[in-house]
Every structure is written in structure tokens, then in C-alpha cells.
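User: I would like to learn how to read backbone geometry and DNA contacts in a model. Could you take me through one?
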Amino acid sequence: MGHKGGKKGKSGQYSTDQSVLEGLAGSGVPIAGKVLDWRQLAKLKSTYTDALQAAINPNTGRVHTSYSLVGAQTGRLSSTDPNLQNIPIRTEIGREIRKAFVAEPGNVLLAADYSQIELRLAAHMADVPALKEAFARGEDIHARTANEMFGHVDRDTRARAKTINFAILYGISRWGLGTRLGVPADEAQAMIDRYFERFPGIQRYIHETLESVRERGYSETLFGRKTWFPRIRSANQAERAGSERAAINAPIQGTSADIIKRAMARMMPTLREAGLGHVRMLLQVHDELVFELPEGDAAAAAPIIERVMAEAAGPSVKLDVPLGIEIGTGSNWGDAH
DNA sequence: TATCGACGCCAC
DNA sequence: AAACGTGGCGTCGATA
């Protein structure tokens, strides 16, 4: 259509994905925004509105997922038929889908989330004083990062700091961070250098993790569960780099997965001891557990659920940071957040 | 009719 | 040229 294309794609075709269309929309191409709007609604209808109603079990009147305990390399669960671990929440219209998950009359849904668990685990595992201190004080971690890196906190620096924090967890690269922040790779590299300077444990963690994986072939979670990386010494640069990023992430994501599994294993026995054996644990969404229970039991159950989750690393692992839990209730899943 | 790869997008 | 981790699943077109 006369617009110069930014290449992409392994088939050589021009990409029309979200980032490309957002760029065009920002350059005054009206149809780009229209396509994005249409795509969002088409996605919500086909993947959620239509598919979830078709998945209702006629015997129970409910949607039942299947969990795989070996679905993810890192030890996370995966969910299929239907996947209930990717129900929309970020946009207002998407959140309407989540609100369609409702409790039975007289009951509520209770959602309990680990707050920033992977960043907390990174602070512990990499032994980063500034991050551990921030979590101990209950500070806004992205704001703290912004202040450390840029010397002040505003909307923009906090957003950048949040992106950088996530990039660290995922195995950072100057190109990936540059793309995300919309800056050249050398500027992204300068930010990475700055991050390592302010949080020196991170660079050490990355270095030691990679050295260990190259030597032994696997990484370990805090509980000793291994993930193997057979391509960590590949001669293929892209393959090797991909393995390195996964190897940096696996101990963090994997430890988080271990912790919530421990919480799940202890949850119902602990609730039963408190006379709350009728509480139903419905869903796990990586750092979140969803329960259904009589409205009148929520006040009694919430602190027990919180304690089981907060203490789930112990006694075998003693963390230097507290595990924060956010709990909400509502007549539907959307309002429980 | 079933399966696969590419593309795109939802979640954490 | 170049996407930073873990997944599942929709549509489309090609193929069996």
C-alpha cells in the first residue's frame, strides 16, 4: 500500500504483527488501528467466547481443563482442552471474558497471587542487596529499579525499569531490550551495563549459572530439580544463545514452579485441619491459585491460604526475601483480582 | 477429513 | 537479519 515495510518472518513475507501495526498507526496510517481492533475482537470471539462455551461439560455445566505436569521444560504446569492459563485480563474488553467464570450462588471465587515471585527469587538467588532490601521494605520494585538506574522515578523511567527487570529474568540481549524499549542496541547495552553496575549480583549469577550449565549440562532450582541444556555448547550461534537465555531463566521460573506446587500439595490438608475441607481448589495459573468457597468462609480461609503459599519454600529452603501474596474475592474471576 | 507449518496473540 | 523466558490455540493454506 505504498508503505515501506520493515522486514520480518521466516517465509520472507512482511510481518503485520502488533508491533508493526502499532508503528504504522503511530505514523498516521488509519487502517492499521482498524486492523488491530478487528484482530483483538476476532481473537476474543474465536479463542474464548466461542471455544469456551463449546467446552462446557453437559454433565457438570462447567468447563474442565487438563493439566500436564510435564508440559513445560522449567517444571511449570501446562493447561489444555481448553487452556485456562491464558484467559484474558489485560484489556477491559478482554477482562469481560474472565468475568464469565462465576461462582455458584452463595459462593465466591478467591484468587491468591504470588506478587513478583520471580523477581524476588532472582533477588535471593543472585544475592542482590538493593533488591532484597526493597522487597523486605515492601517497596515498589520497578520504581526502586528506576531510581537506581536513572536517578529519579516518573512514569517513563518506571516503565523502562519494568521492561529491564523482565528482560533480566528472560536472559537479556541488547537487541531484544532495544526492540522492547525502542532504542538502538548500543543504548540498550548501556542500560544493561548500568543495571549490572547497580545490581552486581545479577551479572555474577548469570556468569556462574552459564559456567555451571556448560560444565555439568544442567541447571538446578533451589530445590535441586534439574533442567538439561544439551545445546548449550552448540556451534550454532542462535541455538547456543537461545539455550543460554533459557538456562538463565530456568532456575528462576523453575523454583517458582516448585514453590507453588509445594503450596498446592499442602493446601487441602491444611484447610481440612481448619475445618475448611469443603473449599475447592479450582485452578493454577503459574503464580496464582483460584478457589471456590462459601461466601461466609472467605474471611477464615484467606489467611490460611496466604500462609500456606507464603511458607511454601520452607523448611527445605530459607529465602532471604518474603514471598508476598495478594488475595481477592468476588462473585467472578475478574472481580477476584 | 486429518495434519502440518507459518503467523499471530492470549496468559504468566 | 537479529525475539529477551514458559506455554496453547485460533485461522489459513498446503498437503496427504
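Analyst: A cis peptide bond joins Gly314 and Pro315, with omega about 0 degrees. Pro315 is found in the loop between helix H12 (298–310) and strand E8 (325–330). Helices (H or I, at least four residues) and strands (E, at least two) are DSSP runs, numbered from the N terminus. This is a predicted model, in which local features need pLDDT of at least 70 and side-chain atom pairs count only at pLDDT 80 or more, while totals for chains, interfaces and linings use all residues. Residues are numbered from 1 along each chain as its sequence is written, chains are lettered from A and ligands numbered from 1 in the order in which they are written, and side-chain values use heavy atoms, with hydrogens and water left out.

User: Which residue does a cis peptide bond join to Pro82?

Analyst: Asp81: the bond from Asp81 to Pro82 is cis, with omega near -5 degrees. Pro82 lies in the loop between strand E2 (78–80) and helix H3 (92–98).

User: Is Asp81 buried or exposed?

Analyst: Buried means under 20% relative accessible area, exposed over 50%, and partly exposed in between (1.4 Å probe, protein chains only). Asp81 has a relative accessible area of 66%, so it is exposed. Gln116 is at 31%, so it counts as partly exposed.

User: Which residues come nearest to DNA strand B?

Analyst: A residue is near a strand if one of its heavy atoms lies within 4 Å of it. Of the 20 residues around DNA strand B, the nearest are Ser11, Gln18, Arg76, Ile89 and Asp287. Of the DNA strand B atoms that come within 4 Å of the protein, 84% belong to sugar and phosphate. Helix H2 (residues 30–54) gives the largest share of this surface, three residues.

User: Which parts of DNA strand B do the side chains of Arg39, Arg76 and Asp287 approach?

Analyst: An N or O atom in the side chain of Arg39 is 3.0 Å from a phosphate oxygen of DNA strand B. For the side chain of Arg76, an N or O atom is 2.8 Å from a base oxygen. For that of Asp287, the distance is 2.8 Å, to a sugar or linking oxygen.

Technical notes. Polar contact = N/O pair within 3.5 Å; in protein donor to acceptor, adjacent residues only side chain to side chain.
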